[in-house]
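Please open the structure in the viewer and keep the selection panel at hand.

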Amino acid sequence: MALFEAKQLHKRFGDQVVLENISLTFEEGQLTGIMGPNGAGKSTCFNVLTGRFRPDRGSVRFAGEDITGLSSREIASKGISRSFQIMNLFNEETALDNVLLSSPAVRKKGFSMLRDLGRNNTARDSAFAVLSRVGLADKADVSAGSLSYGERRALEIGVALAAEPRLLFLDEPTAGLGAEGTARLAQLIAQLKRQLTIVIIEHDMRFLFNLADRISVIHWGQVIAEGTPNELRENPWVQRSNLGALA
Amino acid sequence: MLGPSRYVPLVTAPMLITVAVLATTPLWLKQLGLYQYLALEIMIWMLFALGHNLLLGYGGLPSFGHGAYFGIGAYAFGLLQLKAGTGLITGLLGTILISALLGGLVAAFISHRRGIYYALLTIAFGQVFWFVAMKWHSVTGGEDGLLNIKRPDLSLGFADISLRSNEAFFYFCLTVFAVALIALWRLVHSPFGRVLRAIKQNEMRASFVGYNVWLYKWLAFTLSASVAGLAGALFAMAQQSAYPNVMSLHNSGFVVMMVLIGGGLVSFWGPVIGALVFILSRDLLGAYTETWLLWFGLVFIGMVLFQPDGVAGIWQVWCAKRRTPPAAKNTLASLPVVAAKEA
Ligand SMILES: Nc1ncnc2c1ncn2[C@@H]1O[C@H](COP(=O)(O)OP(=O)(O)OP(=O)(O)O)[C@@H](O)[C@H]1O
Ligand SMILES: [Mg+2]
């Protein structure tokens, strides 16, 4: 059985239908890519899957459990984590603390009022390990608000990773990273692959076709094509897009 | 308030200095032409303001009706004593419980809000409590309030200490203050305090990380109301009465002014500084002019416009400048305070 299964999701904002009958399946340990033009409904799809919005219709199952309509907190605590397309960090906290606050160890003790968080060395060490992983080890003490754009993108992923998820959603992680940053991110994701289930929305096709096991194309709020990267190379929509980059 | 989550000592130098300065006031306050009751009053307001800053500074939750819980504390302590005959410690614990219950009740109605809606709701609830205190004659004594609230003896098991003298009562309050100070200091550095701060910065991310934002906000308000109640109980003993004015909108506004002027948004010590500045100004300016609050209000407006980080903010910038070698001065990131403000 698939780890994650969304069936016939519908979502509208006012009278604009943004998701129309979307069904997606993510197998355990696989990396799924999602692509599609601007405004296709990709981020909205993530938002529905991670509890930011409730779907108007349809169902979502994760690890054999019905999670349709649960809040983002409930979904997060089941082991689903995400990064955001528009950055979404604790700006006054240091990079280390952003990651630390996301770790399950701290989350479990969140209501403890008399313990000093600064004394939790195990949690700090593992937070530091996550930072090193996303290349921010030397920025641990810099507040998130004063990091550079690329560093903030990396921290977004660090925060999502620190939650030690079973399923990780990344919304356009390479946006604005430049060639070098994109290459480093590809490396990181290649390492993470198989350790956890990953879903990535991405416009950078070279990046996606190299990493993904399967790809879904979303257009007009529907899944218009699905398959392995090789199968999709033949797809007319993919061909019409900037396939030159893939040659 | 900025800084990595590093080990924080339980007791710090500023804490010792604050308590030491307060503890020695009986030795030098009179020489300055001031009176001992002033130190007591300042201390009680410091406690109230510290509790309020848990919401405003750490939670980013503007409670503009917080005088209500100060007043509830005063009335609760008085009523427990007059109707149920409670002693000192039982009375204080009962007061904390009642303030927490009423605070928790209000918090249940407002914790899904933030910003201006949150502020308006706190004012509305504050007015409800004030109205009850005014109109429920048979219990609250109406406009006259509760009179003859006593300072019960402190019983230590082997000995009873009378708090009737102002000095003994002052030192009792100082002990309560010191314990509360340490507890609040620990609280803001605990996982709970850090999560609360994170929620202030980004509620949405906090919930996606898996925190129950509503519950944290509810708890913060309930705790803050309990601290306000405790301060109110001490005030009732200091004044030996409780009256509607203690829970008026005025008092609610004063505590906000204290927190902001002192710099509660950037420092744990903001409310302490603010309460000191406010009550001292009231007495010193008040001796010259009846319209002292007008002048103070103008200073407050100036402060909010030009120095929103308050006295503590000025101090932090000054310290950061001194620490930074001149060559590095023009990089924003080297001034932690400036960088934090910008974020
Ligand atoms: N909260 C919202 N309220 C109203 N409309 C929304 C909301 N969120 C998204 N939309 C609309 O839904 C449509 C799909 O947006 P979405 O962000 O999902 O697209 P996307 O595929 O992620 O695009 P991009 O590649 O530009 O990120 C857009 O027309 C957008 O304006
Ligand atoms: Mg998007």
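Begin by selecting the contact between the two chains of this predicted model: 35 residues from chain B and 40 residues from chain A take part in it. Together, chain B and chain A bury about 3,700 Å², and 58% of this area lies on carbon and sulfur atoms. Next, highlight B:Pro191, B:Arg205 and B:Phe208, which supply 21% of the area that chain B buries against chain A, more than any other three residues.

Which kinds of interaction cross this interface? Between chain B and chain A there are 4 salt bridges, and 20 residue pairs are in polar contact. Now colour the helices on the side of chain B that touches chain A: α7 (166-189), α8 (191-201), α9 (203-209), α10 (213-239) and α15 (336-342) each supply at least two residues. Helix α8(B) gives the most, with 7 residues. By type, the residues on this side of chain B divide into 21 nonpolar, 9 polar and 5 charged.

Select B:Arg197 and A:Glu93 next. These residues form a salt bridge whose closest N and O atoms are 3.1 Å apart. The pair crosses between chains, from helix α8 of chain B to the loop between β6 and α3 of chain A. Are these two residues buried or exposed? Both B:Arg197 and A:Glu93 are buried.

Turn now to a salt bridge within chain B, by selecting B:Glu41 and B:Arg282, with the closest N and O atoms 2.8 Å apart. B:Glu41 lies in helix α2 (residues 36-58) and B:Arg282 in helix α12 (residues 270-288), so the pair ties together parts that are 241 residues apart in sequence. B:Glu41 counts as buried, at 8% relative accessibility, whereas B:Arg282 counts as partly exposed, at 23%.

Finally, select the magnesium ion (ligand 2). Its protein donors are A:Ser43 (OG) and A:Gln85 (OE1), at 1.9 to 2.1 Å from the ion. A:Ser43 is in helix α1 (residues 42-49) of chain A, while A:Gln85 is in the loop between β6 (80-82) and α3 (95-102), 42 residues apart. A:Ser43 counts as partly exposed, at 21% relative accessibility, and A:Gln85 is also partly exposed, at 32%.

Methods: Residues numbered from 1 in each chain as written. Chains lettered and ligands numbered in written order. Predicted model: local features only at pLDDT ≥ 70, side-chain atom pairs only at ≥ 80, totals over all residues. Heavy atoms only, no water. Contact = heavy atoms within 4.5 Å. Buried area = accessible area lost by both parts, 1.4 Å probe. Salt bridge = Lys/Arg side-chain N within 4 Å of Asp/Glu carboxyl O. Polar contact = N/O pair within 3.5 Å; in protein donor to acceptor, adjacent residues only side chain to side chain. Helix = DSSP H or I, 4+ residues; strand = E, 2+ residues; numbered from the N terminus. Nonpolar A, V, L, I, M, F, W, Y, C, P; charged D, E, K, R; others polar. Donors = N, O, S within 2.8 Å, 3.2 Å for Na, K, Ca; no water. Buried < 20%, exposed > 50% of the residue type's maximum accessible area, 1.4 Å probe, protein only.
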